[in-house]
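Have the structure open while you read.

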Amino acid sequence: GEILGEIACPDGLLFDVNLQYCNWPEQVTCDAGEEDDTSDAPTSDPAPSPTPEPSEPSEPEQTPAPAPPSEDVCSSGQSMEPTAGCLGYYQCANGEKLDEVACPDGLLFDVNLQYCNWPEQVTCDAGEEDDTSDAPTSDPAPSPTPDPGPSEPEPEPEPTPEPSPEEGNPSEPSPGDVSTALENLLNKVQSQDSGFNAVSRDGILVSEQPDGTWAKSEVYKLEDMMAAVEKMALIDVDGKSFYVGEDASEKEILYGRVNLAAFLSQAMQESIRYDVCDENNWDAINGAFPLSNSCGQLGQSYQDYDESPYKCSVDPSMSIKASTNAKWWGAPQPLACGPTSEYPSTGQWDPTASCANGECTVYDGQLGGAVDDAPTSNQAGRTDVEGCCWWGRGAIQLTGVSNYGIMNHFMGKDSGVYPDVDFCANPEAVCSSTEHPELKWVSGLFYWTQSVQSFE
């Protein structure tokens with residue numbers, strides 16, 4: 001019940017008992033019993049002087065002066081100024097306020113960044129609030145966003161409130177919502193106006209050439225990627241799908257584009273830049289590449305990654321040759337697997353050798369290098385390739401009998417998605433299928449949705 005100290009309102013303001021902060025005099029009813037002994041406080045009648053200038057520099061540092069209630073002038077010199085409580089912003093031109101734009105539901109206008117941002121990242125000072133009666137006093141108001149005064153209606157919210165994935169959406173989005181979000185995402189991808197299409201064709205889906213230049217990828221096509229994104233966004237695979245947004249709002253479309261961009265950056269690192277779908281033979285020993293690296297590189301054994309109940313069975317008679325490989329000078333031949341009756345022992349690839357008889361015929365596009373048939377072990381000690389058909393494939397490399405088995409269970413023969421594809425019987429279908437060229441993307445998106453993206 002004690003009065004601890006006296007705090008003066010900024011010059012030109014009166015304390016509003018009802019709202020519990022300093023306010024414009026014309027909006028304050030000051031009864032005699034509520035007036036303090038501040039001699040320069042204006043009366044309850046409207047002050048005869050002109051409306052005070054907003055954000056007056058002479059105000060105390062902790063309390064910038066609020067904007068006048070009927071002011072139509074943009075005082076900050078910026079192209080946008082916040083509305084009450086930073087719930088939106090005014091567009092400014094030649095110092096005049098034009099249109100009022102409400103931020104999407106759940107966001108506040110960030111004066112420093114000049115766009116709507118998450119509330120926890122926005123400091124909405126009194127000097128940034130527009131013509132409302134809720135300007136805070138020199139002692140910050142106890143409520144972070146007081147109700148706006150009667151002189152200014154609260155900005156209208158957007159017609160369709162946007163869900164916040166970070167906080168969780170209490171209701172699952174309907175297929176129609178996701179379809180709309182997907183349509184908008186793919187339109188963004190295709191639209192020249194967005195610039196994304198040109199970047200995809202000429203800046204992302206490009207591969208490094210043997211001469212060090214970059215050119216459009218021959219393996220990874222934009223149309224195949226879009227078909228794969230559409231499929232993986234609209235189906236439910238073990239309770240998950242590729243996140244493209246949950247409605248057509250700008251925020252959700254942005255989330256979808258960021259998710260796709262993150263996926264593409266990983267795919268670029270793993271496969272697109274080399275223009276290959278199959279894993280390259282890259283683990284050299286003493287400068288040469290063991291052909292048994294198809295069994296596993298860096299000492300790994302892909303056929304022994306069998307921890308999943310859906311794992312593929314290893315068929316020792318399976319014989320496969322990779323359909324893609326790197327093309328730089330001396331690059332090793334494509335990976336291959338087969339029984340010991342076909343490959344009794346395996347040698348190594350010498351990248352420094354010239355092509356036999358001057359003719360490079362081991363694979364299309366060969367520029368140099370040759371096979372040395374002397375039996376050579378990889379880091380795991382293998383000198384054969386029997387049962388070694390489980391090397392990495394796809395935009396994000398799908399590797400090992402467990403991963404192919406999981407893919408087969410949820411996406412292949414054991415499912416209704418690609419029932420005509422048996423990834424256990426032919427893992428090379430990821431790269432070689434002409435009926436489903438999008439599989440090289442689908443396999444990567446499948447891994448991404450199951451193991452990387454945070455939305456479920």
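## Around valine 314

Leaving aside neighbours within four places in sequence, which residues is valine 314 in contact with? They are Gln303, Gly387, Trp390 and Val401, where contact means heavy atoms within 4.5 Å. Valine 314 sits in the loop between E10 and strand E11 (320–321); helices (H or I, at least four residues) and strands (E, at least two) are DSSP runs, numbered from the N terminus. Cysteine 389 is 75 residues from valine 314 in sequence, yet their C-alpha atoms are 8.6 Å apart.

Valine 314 counts as partly exposed, at 34% relative accessibility. On this scale buried means under 20% relative accessible area, exposed over 50%, and partly exposed in between (1.4 Å probe, protein chains only).

## Ground rules

This is a predicted model: local features need pLDDT of at least 70, side-chain atom pairs count only at pLDDT 80 or more, and totals for chains, interfaces and linings use all residues. Residues are numbered from 1 along each chain as its sequence is written, and side-chain values use heavy atoms, with hydrogens and water left out.

## Salt bridges

A salt bridge here is a side-chain nitrogen of Lys or Arg within 4 Å of a carboxyl oxygen of Asp or Glu. The count comes to seven. One of them joins aspartate 278 and arginine 393 at 3.6 Å, N to O. Aspartate 278 is in the loop between helix H4 (250–270) and strand E10 (289–290), and arginine 393 is in the loop between strand E14 (370–372) and helix H5 (400–410), 115 residues apart. Aspartate 278 is buried at 0% relative accessible area, and arginine 393 is buried at 0% too. Shared partners join Asp278, Arg393 and Glu428 into one salt-bridge network.

Another bridge pairs lysine 221 with glutamate 218 at 3.9 Å, N to O. Lysine 221 is partly exposed at 24%, while glutamate 218 is exposed at 59%.

## Aromatic pairs

There are nine aromatic pairs. Rings of Phe, Tyr and Trp (its six-membered ring) pair if their centres lie within 6.5 Å; planes under 30 degrees apart count as stacked, over 60 as edge-to-face and the rest as tilted. Tyrosine 220 and tryptophan 441 go edge-to-face, with centres 5.3 Å apart and 80 degrees between the planes. Both tyrosine 220 and tryptophan 441 are buried.

Phenylalanine 263 and tryptophan 441 are tilted, because their planes are at 50 degrees, with centres 6.2 Å apart. Phenylalanine 263 lies in helix H4 and tryptophan 441 in helix H7, so this pair ties together parts 178 residues apart in sequence. Tyr220, Phe242, Phe263, Trp441 and Trp448 form one aromatic cluster.
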